[in-house]
Amino acid sequence: MDKKVFDILNTQINKEMYSAYLYLDMANFYSQNALDGFAHWYEVQANEEMEHAMKIYHYLLANGQKVTLEAIAKPDKTYKEFIEPVEAAYEHEQYVTSLIMDCFKTAREVDDIRTMRFLGWFIDEQGEEEENASSILDKIKLFGDDKKALYSLDKELGQRQ
Ligand code: FEO
């Protein structure tokens with residue numbers, strides 16, 4: 001594997017683990033504010049992010065690479081309003097999409113077709129992640145000020161498998 005491709009994928013493991021940490025911190029915020037459905041949704045999201053990291057980790061190992069695990073940054077956002085984590089999550093997913101595209105472009109530069117195919121899954125996944133994040137943002141913008149509606153939205157988010 002080309003070193004540039006390895007480096008960017010190895011870094012992406014860290015970015016995905018950081019994403020897990022960021023979402024766990026959002027779950028933590030909602031738990032402290034009795035919105036257990038929101039908390040559940042972001043906990044599930046944190047688990048998904050760890051799965052993303054593990055997918056890349058196993059891909060690198062399967063390609064004979066020596067993975068280096070770097071320190072995971074502390075999530076440094078503080079939230080006051082219930083909408084703030086939802087906004088931050090949508091922005092974060094757009095950022096992660098740009099990172100995945102950078103991984104893809106790096107693989108394409110060196111004709112690493114296997115890695116390009118591997119990243120196809122992540123490109124599709126990012127489409128879904130952005131859509132999910134933006135749909136919750138739309139709903140909380142519409143209903144967030146109405147306590148009963150917020151309660152229903154919390155129930156809905158609590159159903160995530
Ligand atoms: Fe692993 Fe939410 O992107």
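**Reading the assignments in a predicted helical model**

Trainee: What makes A34 count as exposed?

Mentor: The model is predicted, and A34 has a relative accessibility of 60% in it. The class of exposed starts over 50%, so A34 belongs to it at 60%.

Trainee: Where is A34 found, and what is its phi?

Mentor: A34 is in the loop between α1 and α2, just after α1. Its phi is near 65°, a positive value in a residue other than glycine.

Trainee: How do you know whether D111 is buried or exposed?

Mentor: The relative accessible area of D111 is 62%. Buried would require under 20%, and exposed requires over 50%, so D111 is exposed.

Trainee: What caps the N-terminal end of α1?

Mentor: D2 does, with a side-chain oxygen 2.8 Å from the backbone nitrogen of K4. The limit for a polar contact is 3.5 Å, so a separation of 2.8 Å falls inside it.

Trainee: Why is the pair D7 and K3 called a salt bridge?

Mentor: The closest N and O atoms of D7 and K3 are 2.7 Å apart. The cut-off is 4 Å, so the pair qualifies. Both residues lie in helix α1 (residues 3-32), four residues apart, about one turn of the helix.

Trainee: Why does a spacing of three or four places matter in an α-helix?

Mentor: An α-helix has 3.6 residues a turn, so residues at that spacing point the same way.

Trainee: What are the accessibility classes of D7 and K3?

Mentor: D7 has a relative accessible area of 31% and is partly exposed, whereas K3 is exposed at 59%.

Trainee: Why is the contact of E109 with K4 called a salt bridge?

Mentor: The closest N and O atoms of E109 and K4 are 3.4 Å apart. That is within the 4 Å limit, so the pair counts. E109 is in helix α3 (residues 83-109) and K4 in helix α1, 105 residues apart, so by this separation the pair links distant parts of the chain. E109 is exposed, with 58% relative accessibility, and K4 is partly exposed at 47%.

Trainee: Are E48 and R160 buried or partly exposed, and how do you know?

Mentor: R160 has a relative accessible area of 16%, under the 20% limit, so R160 is buried. E48 has 23%, so E48 is partly exposed.

Trainee: How many salt bridges does the rule give?

Mentor: The count comes to four.

Trainee: How many cavities of 30 Å³ or more are there, and how much space lies in the largest cavity?

Mentor: There is one cavity of 30 Å³ or more, and the largest cavity holds about 50 Å³. Its lining residues include Y23, W41, E93 and N132. Helices α2, α3 and α4 (113-143) each supply at least two residues of the lining.

Trainee: What is the make-up of that lining by class?

Mentor: Five nonpolar, two polar and two charged residues.

Trainee: What makes M17 and M54 count as partly exposed?

Mentor: M17 is at 25% relative accessibility and M54 at 38%. Both values fall between 20% and 50%, so both residues take that class. M17 is found in helix α1, and M54 in helix α2.

Definitions and conventions
Residues numbered from 1 in each chain as written. Predicted model: local features only at pLDDT ≥ 70, side-chain atom pairs only at ≥ 80, totals over all residues. Heavy atoms only, no water. Salt bridge = Lys/Arg side-chain N within 4 Å of Asp/Glu carboxyl O. Buried < 20%, exposed > 50% of the residue type's maximum accessible area, 1.4 Å probe, protein only. Polar contact = N/O pair within 3.5 Å; in protein donor to acceptor, adjacent residues only side chain to side chain. 1 Å grid on protein atoms, 1.4 Å probe; cavity = no way out; pocket = protein on both sides within 12 Å on 5 of 7 lines; lining within 4 Å. Points joined across faces, edges and corners; volume = space filled by probe spheres on them. Nonpolar A, V, L, I, M, F, W, Y, C, P; charged D, E, K, R; others polar.
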